Amino acid sequence: QVQLVESGGALVQVGGSLTLSCDVSGNTFPIYYVTWFRQAPGKEHDFVAGLRWSTAYPYVADSVKGRFIVSRDNAEKTMFLQMNSLNAEDTAVYYCAASRHWCSGSVCHGPEQYEYWGQGTQVTVSS
C-alpha cells in the first residue's frame, strides 16, 4: 500500500502563487509515477503534472506549462506543485496519485492508471 497526503490548498487571489505538497509513504517499490490531478466542480479528473518517481523527470500539462512546476525532495518523501500566475480556471480540488503502471515514453495521463490517491486539497482562485 501507498499513502498519499496532500496539503497546502488555500484561497488565493488571481495572479497569486501557491505551493502544494504531497507526502508519500508506504511500499513505494515499484512506483513509476506520482502525479497531480485536479477536478473542478462537475468535471473529470484532469492531469496537471507528474514525475517519473525514480528520476524525478517532470511532465507538465500544456494548460499549465510555464506557470506550474512539479518537483520532489531527494528523499522521495514529498512531491511539490508550485503554482504561479493563478487564474479562476485553476480552481479545483487537487489530488496526488501514484501509479504502478508503466507508460512507455511518457507519464501515465489517465486517472484510471493510478491505484493510489490522496484525499485532495482545495484550491480556490478568486478575483
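This is a predicted model: local features need pLDDT of at least 70, side-chain atom pairs count only at pLDDT 80 or more; totals for chains, interfaces and linings use all residues.
Tutor: Residues are numbered from 1 along each chain as its sequence is written, and side-chain values use heavy atoms, with hydrogens and water left out.

Student: Which ring does Trp-117 pair with, and how are the two planes arranged?

Tutor: Rings of Phe, Tyr and Trp (for Trp, the six-membered ring) pair if their centres lie within 6.5 Å, and planes under 30 degrees apart are stacked, those over 60 edge-to-face, and the rest tilted. Here the partner is Tyr-95, and because the ring centres are 6.1 Å apart with the planes at 75 degrees, the pair is edge-to-face. It links distant parts of the chain, with Tyr-95 in strand E9 and Trp-117 in strand E10 (residues 116-117), 22 residues apart; the strand names come from DSSP runs numbered from the N terminus, where a strand (E) has at least two residues and a helix (H or I) at least four. Tyr-95 is buried, because its relative accessible area is 16%.

Student: How many aromatic pairs does a search of the whole structure find?

Tutor: The search finds eight aromatic pairs. One of them is Phe-37 with Phe-47, again edge-to-face, at 6.2 Å centre to centre and 80 degrees between the planes, and this pair joins strand E4, which holds Phe-37, to strand E5, which holds Phe-47, across 10 residues. Phe-37 counts as buried because its relative accessibility is 0%, and Phe-47 also counts as buried, at 12%.

Student: Over which ring does the charged end of Arg-72 sit?

Tutor: A charge sits over a ring if NZ of Lys or CZ of Arg is within 6 Å of the ring centre and within 35 degrees of the ring normal. In this model the charged end of Arg-72 sits over the ring of Trp-53, 5.3 Å from its centre.

Student: Which members of the largest nonpolar core touch the most others?

Tutor: A nonpolar core is a set of buried Ala, Val, Leu, Ile, Met, Phe, Trp, Tyr and Cys residues joined through side-chain atoms within 4.5 Å. The largest one here has 38 residues, of which Trp-36, Met-79, Leu-81, Met-83 and Tyr-94 touch the most other members. Several strands each supply at least two residues, among them E1 (2-7), E3 (18-26), E4 (33-39) and E5 (45-52), and the largest share, five residues, comes from E9.

Student: Which residues is Leu-81 in contact with, leaving aside its neighbours within four places in sequence?

Tutor: Contact means heavy atoms within 4.5 Å. The partners of Leu-81, with those neighbours left aside, include Leu-18, Leu-20, Trp-36, Val-48, Phe-68, Val-70 and Tyr-94.

Student: Which cysteines do the disulfides join?

Tutor: A disulfide is a covalent bond between the sulfur atoms of two cysteines, and the cut-off used for the pair of sulfur atoms is within 2.5 Å. Two are found in the whole structure. Because Cys-22 lies in strand E3 and Cys-96 in strand E9, it ties together parts that are 74 residues apart in sequence. The other joins Cys-103 to Cys-108 at 1.9 Å and is right-handed, with 100 degrees about the S-S bond.

Student: Where are the backbone features found, such as the cis peptide bond and the positive phi values?

Tutor: Most residues other than glycine have a negative phi, and most peptide bonds are trans. In this model a cis peptide bond joins Phe-29 and Pro-30, with omega about -5 degrees, and Pro-30 is placed in the loop between E3 and E4. Glu-76 has a positive phi near 60 degrees and is found in the loop between E7 and E8, whereas Ser-85, with a positive phi of about 50 degrees, lies in the loop between E8 and E9.

Technical notes: Buried means under 20% relative accessible area, exposed over 50%, partly exposed in between (1.4 Å probe, protein chains only).
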